[in-house]
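The sequence and the structure are shown first, and the description follows.

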Amino acid sequence: MDPDLNQLVQAIQIASDPTPSTLHSQALEYLQTIQQNSASTWRVALTLFVEPGPDGGRKYPPAARFFALRVIEEFLDNRFEPLDEESFQLLRQSLVSYIQSEYLYGSAEAGAAYLRNKFSHTLTLFFLVTYLDQWPTFFGDIFALIRPPQSTSQTTFNPHVSLLFFHLVHEISGEVADQLIKSARTYTAARQARDTRVRDAVRDRDAAAINEAVLTIVADGVERMSRLRKGDVASTNEKELDMAVEVVDWGTRTFASYVGWIDINLTVTPTTVPLLFNLLSDQSLTIRLATCGALTRIVSKGLKEPSDKLQLIKVLSLGQVLDTLETKTRAEHASRGSDVDEGEESYREALGKLLNVLGLELSKLVEECPIEDICNEGTQLLNQSLPVMLRFMADEYDDTCSTIFPFLQAVLGSYKKARKSSSEPLDESRRSFLISLLTVILQKLKWDEEADPEDMDDDDKVAFEDLRKDLRTFMDATFVIDQGLVSDALSTLALNTMNAYQRGVSVKWNDAELAVYIVYIYGEINKTGSKGRTAFCHTPVSVAKEKRKETDYSEYPLTKHGEMLYVLVQSGFSAYPNKTVAMQFFETTARYGDFFKVRKECIVPTLQAMMDARGLHNPESSLRSRVFYLFHRFIKEDRNEIPVDLAGSLIEGMRDLLVVQVEVPELDSPDQDLLTEAVKTPGIFDAQLYLFETVGTLISLFYKSPEQRGALLLSVVKPLLDDLSQDIQTVKSPEDVIPILKAHHVIMALGNIAKGFPEFPSPVPDGYILPPVDVFSQVAQAIIVSLEAMNSFRVIRDATRNAFTRILATTGPTVTHLIPPLMANLLAHFEPTELIDFMNFIGQLVHRLQEELYDVLDQLIGPLSAHINNLLSQPVTGTDDQVTHVDTKKAYLTLLNTIMSSKLHGIFTSERNGSQLEGLLGSMQRLAEDTSDPSSQKTAVQFLSRCVSIWAQPTMSNGDGQSQGLPGFERFVYERLVPSTFSVLSSPQFNIKDGQMLVVLNEICNFLQNISKARGEEAFNFFASAFLPAQNWPPDAALEFATKLRDLDSKAFKKYLADFVRASRSGS
């Protein structure tokens, strides 16, 4: 392909125009073709890039020349063989001439700076292809251009060529040695080998010269910066100082790029170390940051000998330098007051990162070196760095604070390791460090005094919470090292703050929040403490579970955590005039419900705070919603400690909150269903559901006064039932969204009230007091009436299933008479995707009601099975269909197994359904043979196994005069199920190495053993003398199998069969 140059430039101009057009797409396609055919188009691209113009500049526009470099890069990249000589000479001569004219004598692309970066990358790729065999003098040729000939007016190094040289070396280091860049691109063995050869060749040929050139240019630039700053030289250009700074900055960055992969004796010398430390305090921020990066690379350089590493660290003396610079920058920060200098803060952050690397290297040296003298000296240097580390950690900027976290983690890790291996008391110096560390951690755990956590950017809030998690990790580690130190520090700070507040001393909001937060996290930190009530008081002996309710814990002294919680409640901290403090109080008291079982006098003040404007009646919706949940959690945990008079007061105090709130969201798309989205979108009603459950719990506490309990329940549900009745009358069409939504919410609320009551026991104990069944029957009847009126709306059907599940859990079989009309209305309008939820609902009813549900299931199972089998026989057309298909099958099989395990199997053989049994068993057999879905296969085998246990029993009567076996079922087992099972085991698709298939195999073992148990000697003879010989098994093998099946226990037989299947596969 030989494109026309002018046509190419025109295409680039058209493609650069963002206005869409036919020509635009054609131009893009043309340029893509040019780039893809770079092997034949790179010459035109080279001309396009270097062609000079009449004014001494470049002939073609920057956009066209940028594209030209892309084509040349496409030609050079991923090329691992030398170029032909003609191509090499053309490229080399053209590029060197370009550098001479543009960088040595020209403006170095001053009008399009991005071309400089692109060109340096292109030249780097050319270097990688040619350096080994064709252009070994590459660096010498570049060096010759850096110092201009005597005929020019320049008396120093050419800054443009110097910067090009720096960019080149930086790019080369990235290509051949930067692991981050290497990991980001696709690995190829050829590239890896080529880059390794290039890196080794540079080390051997030019590393010393490159390093000398870089350091010489940097030193020259430093001297020129100094003279220009002092005014010792006349500047012909106001940008001359900026250029000098840029040269030094990029020179330092370049030095940093290669220190990790060339000889350390070249980079760390009596000349370089003072130069770097001088730059570390330079006026220019960019130079200081670049120097931090260079020193970080030097310190982290891998050295074989520990003595060399120690010597390197000692030569650098970074510990002392960083100590001085930390003090200096901290003082400068303090002098700025409220003025923020983000640049200088980034410098402190870079210093912190440098200290972190120094600390990690010292920690590694001390940890791994077997030589005692080196370890001792390293430990000394490490300990000298610890105070500086703590000062960085205490920085008010979290980014700076977190720079030293890996270093701190390594230190604490070594302390923990030493603690585990020794029973001696903690070394005083280490204890002193930990005390200082805890002081810093507790300070950093505090919110900024100017912050408002309830009204701040989410990202900022999450960032601080993440910082707290990190600090907690360090506190946990310190606790492992010295438990008493941490528990004393935490309890002292929390108790002092709360006691001060109780005495009337003014306490800042962030100090108050920290005190409550410490109480909140103490239970997590104190992992060695007791659980339950004994976490909060010292009991003389462990109290037996059955005696806990009657034990008076108030006479036992409190633990530290118990004391903190007691003071928290009694100090009046809940009344602190700050939302964040109040919410932290509620989070803490709700978390530690067991405390209130040992100090019951704290329950009332806590609930008073939760009930008023600080909590449930908080004017802010988001805070109020959270307290709804925390209040529910508190009541649920401590319900047995709440007297009925207090429960009555709480109910009265929350009646105004038991009014269902409806929110209608804004839709993102007209395709969305408003009702569905309103139910799915989290809102205030989701939090209200906790309140409805809580009021149910509080009403249930009146169980000793059934009439009062029933009256209270009726007083709570009556307004909701009235609302429901009104909603039924209001709904005229699907457009009446709000009344439909309100009806949904009311039904859900009624279900949650029932959820608050204890579950109906099974079996029912003597003296059991029934719940208010008459009221719940009224509620259930009202829900069915609303379902009859609005059963065309899925949200109503979903809410009804949910509510009935909870009502039946509370009332047991007392409202089962309502289930037939419930089912009829749920099935009147039915979406295929509801089938899974419906079957799960039926399964829950079966589990709870057992034989009470027999008649309902007898009517339901036939049509349901027919519907499901029809659905499962439909072709699957997409991913969603596939998921629904699998989930439906899983829910159906689970329901069938639930029916069998609940001893309701009679519905399958009843007069109504007996004729369908063979079809059901046939479908189960097909699922049991389907190795493409191991989960369903396992459940199908499980169902058939249960059928065998019941129906394959010999036909006889039990004590109730009912048959245990199904006449003729054993023939179905022998003739259909057993051959089917062995065909699965021998199938090539049955991969026993697959964990899921192994589970199927275990179920098959259960199935076969159930046959043996049900049919006894008959089964033994069937396998030994009939079936297995018919499958061409040798007599000995058939006899062995039948004997193992009969005599081994379940675990042993599973192992036998698994080994047998593996052996048969390996032998085939």
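Which helices each supply at least two residues of the lining of the largest cavity? In this predicted model, the helices that do so are H42 (917–929), H43 (934–951), H44 (969–986) and H45 (995–1015).

**Enclosed cavities**

The structure contains four cavities of 30 Å³ or more. Classified by residue type, the lining of the largest cavity comprises seven nonpolar and three polar residues, with no charged residue.

The second largest cavity, with a volume of about 50 Å³, is lined by Val169, Val202, Ala207, Ile210, Asn211, Tyr258, Trp261 and Ile262. Helix H11 (residues 207–230) makes the largest contribution to this lining, namely three residues. Seven nonpolar residues and one polar residue form the lining of the second largest cavity, and no charged residue takes part.

**The largest pocket**

The largest pocket has a volume of about 1,100 Å³. It is lined by 32 residues, of which Glu396, Tyr397, Asp398, Lys444 and Asp448 are the closest to its centre. Two or more lining residues come from each of helix H18 (342–368), helix H20 (398–401), helix H22 (428–444) and helix H23 (458–481). Among the contributors to the largest pocket, H23 gives the most, with six residues. The lining of this pocket includes 15 charged residues, together with nine nonpolar and eight polar ones.

| Space | Nonpolar | Polar | Charged |
|---|---|---|---|
| Largest cavity | seven residues | three residues | no residues |
| Second largest cavity | seven residues | one residue | no residues |

**Packing of helices H5 and H8**

Two packed helices are described by the angle between their axes and the distance between the axes. Helix H5 (residues 85–104) packs with helix H8 (residues 159–177) at an angle of about 125°, and the two axes lie 8 Å apart. H5 and H8 are therefore oblique to each other. On the H5 side the contact involves Ile99, Tyr103 and Leu104, which meet His160, Val161 and Leu164 of H8. By class, this contact has five nonpolar residues and one polar residue, and no charged residue is included.

**Buried residues of helix H29**

Which residues of helix H29 (residues 603–611) are buried? They are Ile603, Thr606, Leu607, Ala609, Met610 and Met611. The buried residues of H29 pack against helices on several parts of the chain: H26 (560–570), H27 (579–591), H28 (595–598), H30 (621–638) and H31 (644–654).

**Ser284 in a loop**

Ser284 is located in the loop between helix H14 (272–279) and helix H15 (285–299). Is Ser284 buried or exposed? Ser284 counts as buried because its relative accessibility is 11%, below the 20% cut-off for a buried residue. Apart from neighbours within four places in sequence, Ser284 is in contact with Arg229 and Val245.

Key. Residues are numbered from 1 along each chain as its sequence is written. This is a predicted model: local features need pLDDT of at least 70, side-chain atom pairs count only at pLDDT 80 or more; totals for chains, interfaces and linings use all residues. Side-chain values use heavy atoms; hydrogens and water are left out. On a 1 Å grid over the protein atoms alone, a cavity is a set of points where a 1.4 Å probe fits but cannot get out, and a pocket is an open set with protein on both sides within 12 Å along at least five of seven lines; lining residues have an atom within 4 Å of a point. Grid points are joined across faces, edges and corners, and a volume is the space filled by probe spheres set on the points. Helices (H or I, at least four residues) and strands (E, at least two) are DSSP runs, numbered from the N terminus. Ala, Val, Leu, Ile, Met, Phe, Trp, Tyr, Cys and Pro count as nonpolar, Asp, Glu, Lys and Arg as charged, and the others, Gly among them, as polar. Axes are lines fitted to C-alpha atoms, for helices over the stretch in contact, and angles run from 0 to 180 degrees between N-to-C directions. Angles under 35 degrees count as roughly parallel, over 145 as roughly antiparallel, 65 to 115 as roughly perpendicular and the rest as oblique. Contact means heavy atoms within 4.5 Å. Buried means under 20% relative accessible area, exposed over 50%, partly exposed in between (1.4 Å probe, protein chains only).
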